[in-house]
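User: I have not seen this structure before. Please take me through the terms used for it, and say what each one rests on.

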Amino acid sequence: MVSLYADLQKVASGVIGEFQQSQMVYIALSAGTGGTPDNPAEPVETEHAFPGTVRGAQFKYIDNSKIFASDMQLTMPADVTVPALDGFVEIDGTRYKIVGVDAVPPAGTPVVYRIFVRR
């Protein structure tokens, strides 16, 4: 069963790559070195370019507490990296904060990630 989802990851990546709408970059944050508890080090940013599609947040996900109608919804292939809530996404050079991440399917090997972002 795992190989089926691994194959679906490749298919999803190919399809999303064909319909890619713009230049998208996931920016992961990790702890910097050399800081102290009173003066923490600056976080280190690591960039991962990815093919993706973007649209307004679908109505079924809007709950007005975590996801708002003004948020955007991205679809990212799962073979790029695993996005985290402390990261950012740049779309055509504009940085957005990640406010939600859902793996699809929600259990097992993810095929794509549904990411919600806000300015």
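User: Where does Asp92 lie, and why is Asp92 called exposed?

Analyst: In this predicted model, Asp92 lies in the loop between E5 and E6. Its relative accessible area is 54%. Exposed means over 50%, so Asp92 is exposed.

User: What is the phi of Asp92?

Analyst: The phi of Asp92 is positive, about 50°, although Asp92 is not a glycine. Most residues other than glycine have a negative phi.

User: Where is Asn64, and is Asn64 buried or exposed?

Analyst: Asn64 belongs to the loop between E3 and E4. Asn64 has a relative accessible area of 55%, and the cut-off for exposed is over 50%, so Asn64 counts as exposed. Asn64 also has a positive phi, about 60°, and is not a glycine.

User: Which peptide bond is cis?

Analyst: The bond from Val104 to Pro105 is cis, its omega being near -5°. Most peptide bonds are trans. Pro105 sits in the loop between E6 and E7.

User: What makes E3 and E4 a pair of strands?

Analyst: Strand E3 covers residues 53-56 and strand E4 residues 72-77, and four bridges join them in the antiparallel sense. Pairing needs at least two bridges, so E3 and E4 with their four bridges count as paired. Within this pair, Thr53 stands opposite Thr75.

User: How do you know that E4 pairs with E7?

Analyst: E4 and strand E7 (residues 112-118) share six bridges, again in the antiparallel sense. At least two are required, so E4 and E7 are a pair. Thr75 stands opposite Arg114 in E7, and Met72 stands opposite Val117 in E7.

User: In what order do the strands form the sheet, and why are E2 and E3 said to stand at the edges?

Analyst: Seven strands form an open sheet in the order E2-E1-E5-E6-E7-E4-E3, with antiparallel pairing. E2 (44-50) and E3 each have a single partner strand, so one side of each has no neighbour in the sheet. The twist from one strand to the next averages 35°.

User: Which residues have the most contacts inside the largest nonpolar core?

Analyst: The largest nonpolar core has 14 residues, and those with the most contacts inside it are Phe50, Leu74, Val89, Ile115 and Val117. Two or more residues each come from strand E1 (24-30), E4, strand E5 (88-91), strand E6 (94-104) and E7. In soluble globular proteins, nonpolar side chains tend to be buried together. Leaving out residues up to four places away in sequence, Ile115 touches Met72, Gln73, Leu74, Met76, Pro83, Ile98 and Gly100.

User: Why is Arg114 called buried?

Analyst: Arg114 is in strand E7. Its relative accessibility is 18%, and buried means under 20%, so Arg114 counts as buried. Apart from neighbours within four places in sequence, the contacts of Arg114 include Tyr61, Leu74, Gly100 and Val104.

User: What makes the approach of Arg114 and Tyr61 a polar contact?

Analyst: The distance between the two side chains in this contact is 3.2 Å. The limit is within 3.5 Å, so the pair of Arg114 and Tyr61 falls inside it.

User: How do you know that Arg114 and Asp102 form a salt bridge?

Analyst: The closest N and O atoms of Arg114 and Asp102 are 3.4 Å apart. A salt bridge requires them within 4 Å, so this pair qualifies. The bridge links distant parts of the chain, Arg114 in strand E7 and Asp102 in strand E6, twelve residues apart. Asp102 has a relative accessible area of 23% and is partly exposed.

User: How many salt bridges does the structure hold, and which residues are joined into one network?

Analyst: The structure holds four salt bridges. One of them joins the side chains of Glu45 and Arg95, at 3.0 Å from N to O. Glu45 is in strand E2 and Arg95 in strand E6, so the pair ties together parts 50 residues apart in sequence. Arg95 also forms a salt bridge with Glu90, with closest N and O atoms 3.6 Å apart. Through shared partners, salt bridges join Glu45, Glu90 and Arg95 into one network.

User: Why are Glu45 and Arg95 called partly exposed?

Analyst: Glu45 has a relative accessible area of 41%, and Arg95 is at 32%. Buried is under 20% and exposed over 50%, with partly exposed in between, so Glu45 and Arg95 both count as partly exposed.

Note on methods. Residues numbered from 1 in each chain as written. Predicted model: local features only at pLDDT ≥ 70, side-chain atom pairs only at ≥ 80, totals over all residues. Heavy atoms only, no water. Axes fitted to C-alpha atoms, helices over the stretch in contact; angles between N-to-C directions. Buried < 20%, exposed > 50% of the residue type's maximum accessible area, 1.4 Å probe, protein only. Polar contact = N/O pair within 3.5 Å; in protein donor to acceptor, adjacent residues only side chain to side chain. Contact = heavy atoms within 4.5 Å. Core = buried A, V, L, I, M, F, W, Y, C linked by side-chain atoms within 4.5 Å.
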